[in-house]
Amino acid sequence: MLNGKGASLLDGYMEDLATDRIYRLMIAQRVRHSNSVEILDDAGLPIRHTPELIHELFDEQLNQLMREGANSGDAPAAATLREARKISEEMIRKSEFNPA
């Protein structure tokens, strides 16, 4: 996802492969234990982290990144963002946490 660069600037923060791996692991754990661990949303209501919910959240975040990039004129290629999203979601679904 980082094309071998090892780190990337995202929303003013440096993100590296380890951080990326931790985020994917956290999401996968929420899906894996969604039946046994209650997670509350912003309104305090239980929300089950299903693969479908994760898919929707990834869609929302991708759309936001693409809007922000289009507005700033400094957008990574849309194809790159879509590919990164696809790879990340697939890794979570397959419980693969080490990027190739």
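Which side chains meet in a salt bridge at 2.5 Å, N to O? I found Arg-85 and Asp-59. I took a salt bridge as a side-chain nitrogen of Lys or Arg within 4 Å of a carboxyl oxygen of Asp or Glu. The pair links distant parts of the chain, with Arg-85 in helix α3 and Asp-59 in helix α2, 26 residues apart.

Basis. The model is predicted, so I kept to local features with pLDDT of at least 70 and side-chain atom pairs at pLDDT 80 or more, while totals for chains, interfaces and linings use all residues. Residues are numbered from 1 along each chain as its sequence is written, and side-chain values use heavy atoms, without hydrogens and water.

Fold. I read 3 helices and 2 strands, in the order β-β-α-α-α from the N terminus. Helices (H or I, at least four residues) and strands (E, at least two) are DSSP runs, numbered from the N terminus.

Burial. Of the 100 residues, 19% are buried. Buried means under 20% relative accessible area, exposed over 50%, and partly exposed in between (1.4 Å probe, protein chains only).

Other salt bridges. I searched the whole structure and got 3 salt bridges. Glu-89 pairs with Arg-85, the closest N and O atoms being 2.6 Å apart. Glu-89 and Arg-85 are separated by about one helical turn because they are 4 residues apart in α3. I noted both as buried; Arg-85 counts as such because its relative accessibility is 14%. Asp-59, at 30%, is partly exposed. Glu-90 and Lys-94 meet at 3.1 Å, N to O. Both lie in α3, 4 residues apart. Shared partners join Asp-59, Arg-85 and Glu-89 into one network of salt bridges.

I looked up the second largest pocket and noted a volume of about 220 Å³. A pocket here is an open set of points on a 1 Å grid over the protein atoms alone, where a 1.4 Å probe fits, with protein on both sides within 12 Å along at least five of seven lines; lining residues have an atom within 4 Å of a point. The volume is the space filled by probe spheres set on the points, which are joined across faces, edges and corners. The lining has 12 residues, and Ala-28, Val-31, Ile-92, Arg-93 and Ser-95 lie nearest the centre. Helices α1, α2 (51-72) and α3 (78-94) each supply at least two lining residues. I noted that α1 gives the most, with 4.
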